[in-house]
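Take a look at the structure below. We will walk through the links between its side chains, one at a time.

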Amino acid sequence: MRTGLARSVTTLAAAVALVAGSASGASGEQTRTEPDMTGVRAALLRVTEAGAPGAFAVIRDHRAPGVDRSLSVGDADLAGTPMSGDARFRVGSNTKMFTAVIVMRLAEQGRIDLDKPLRDYLPAGTLPENWPITARQVLEHRAGVYDHINDLLERSGEETTAAFEQRIRNTVYEPQDLVALSVKHGLQYTPGTAYAYSNTGFVLLALAAEHLTGRPYAELLRRQIFEPLGLRATSFTVPGKSIAGRHITGYLTHDDRRAPLLDATEQTASWIWSAGGIVSSSLDLDRFLTALLAGSAGGLVSDDSLRQMTTVLPTGTPTIAYGLGIRQISLSCGTVLGHGGIVQGYQSQAFSMPGGRRTVVVFANASNNGAVTEGLMGALEPAFCGKPPAAAPRHTRVGDPGEAHAIPAVEDARI
């Protein structure tokens, strides 16, 4: 049973070397495939054509470093600063992978049982006594917990105007208040019987981690993940509104597409807290994913914890499944693991082949735009799988008749 902090960057370097020296059938074959940068560029151009000022893709292959690629299109802000793949941005729900690591480490230490009622690990009164939900069900989005952001963002169409300015940008929410918004709706179904994405569940997990350790969530992240891995561009600044250092400006697309983009960079992010409040960079996300998917060798979680995290269940969305804080997407050349994130003004996808052999981070600085989301998803296939065989059958979707192996946008607009 591990009780110490994650090992240092030297351990991560050893994990990368281990990944580079391993071979595992189809996954190994996929690693040797060069990215189809023409296909990646086409996907990113669809993102900017859909209304995002800019987009980028960063590909890092830890077995064949010569395959590394970085491609940016468009601008990092409306002033015309060129987009850059190494600047900081809000990662949104990619934060859930970090929160899941904290929880799995607590489980390894015997401080939380993933299959016992979560209420036993929370401050008294946080959840009703008759709620049987477990941490495992919450990590899987199968606990039946109502998502509080439905109340805050008003999915009916107010997200980019009144809701953002009145309830999101400057408001500071306490995590317990977010949970209370959810609890008043009651459980949405019998826990364990269905999949329904819930940000509130990951707020509950961080509250449990704070209660069990007596440490703030931000400190747990810093001491157990950021500092040991040397993630110098990664921080959890909630409820601070600004992004320090060189960063990309994020823009909300108005519901009225004729209105100009709204600069949403400065916001407290307290409405999403441990479900989406981290700021990072593509290179730090690569380092984190590589360490996580290396299991014990990566110093974040044990091999058994990684096995549990990557044991996935269907979501109801074709080609997409979900484990414990980790999403799996099926591509033409195999499966990739990671997450995606949308927070006002920003959206990204961060995925890796099993074992962390190749990571891909794609990003756009616009949200509230489904076409931007689909463009980013469309960059994953050419980035991981390369060019399709000349005689391969092509699959089409409405509005994009030429694209092969289309990945549907994830079921929740904020991923």
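Start with C333. This cysteine is partly exposed, at 24% relative accessibility. The term sits between two others: buried means under 20% relative accessible area, exposed means over 50%, and partly exposed is in between (1.4 Å probe, protein chains only).

A word on the source. This is a predicted model, in which local features need pLDDT of at least 70 and side-chain atom pairs count only at pLDDT 80 or more, while totals for chains, interfaces and linings use all residues. Residues are numbered from 1 along each chain as its sequence is written, and side-chain values use heavy atoms, with hydrogens and water left out.

Which residue does C333 pair with in a disulfide? The partner is C385, and the two sulfur atoms lie 1.9 Å apart. C333 sits in the loop between β10 (327–331) and β11 (334–343), and C385 in helix α13 (residues 370–385), so the bond ties together parts that are 52 residues apart in sequence. Helices (H or I, at least four residues) and strands (E, at least two) are DSSP runs, numbered from the N terminus. C385 counts as buried, at 10% relative accessibility. The link of C333 and C385 is left-handed, with -70 degrees about the S-S bond. A disulfide is a covalent bond between the sulfur atoms of two cysteines. The rule used here asks for a pair of cysteine sulfur atoms within 2.5 Å. By that rule, the count is one disulfide.

Now turn to the salt bridges. Each is a side-chain nitrogen of Lys or Arg within 4 Å of a carboxyl oxygen of Asp or Glu. How many does the structure hold? There are 12.

One of them joins R60 and D286, with the closest N and O atoms 2.9 Å apart. R60 lies in strand β1 (residues 54–61) and D286 in helix α11 (residues 282–293), so this pair ties together parts that are 226 residues apart in sequence. Is D286 buried or exposed? D286 is buried, at 4% relative accessibility. R60 is partly exposed, at 30%.

Next come D115 and R136, whose closest N and O atoms are 2.7 Å apart in a salt bridge. D115 is in the loop between α4 (95–108) and α5 (135–139), and R136 is in helix α5, 21 residues apart. D115 is partly exposed, at 48%.

D304 and R307 also form a salt bridge (2.8 Å, N to O). They are three residues apart in helix α12 (residues 303–309), so about one helical turn separates them. D304 is partly exposed at 38%, and R307 is partly exposed at 46%.

Finally, find R215, E219 and R223. Salt bridges link these residues in a network.
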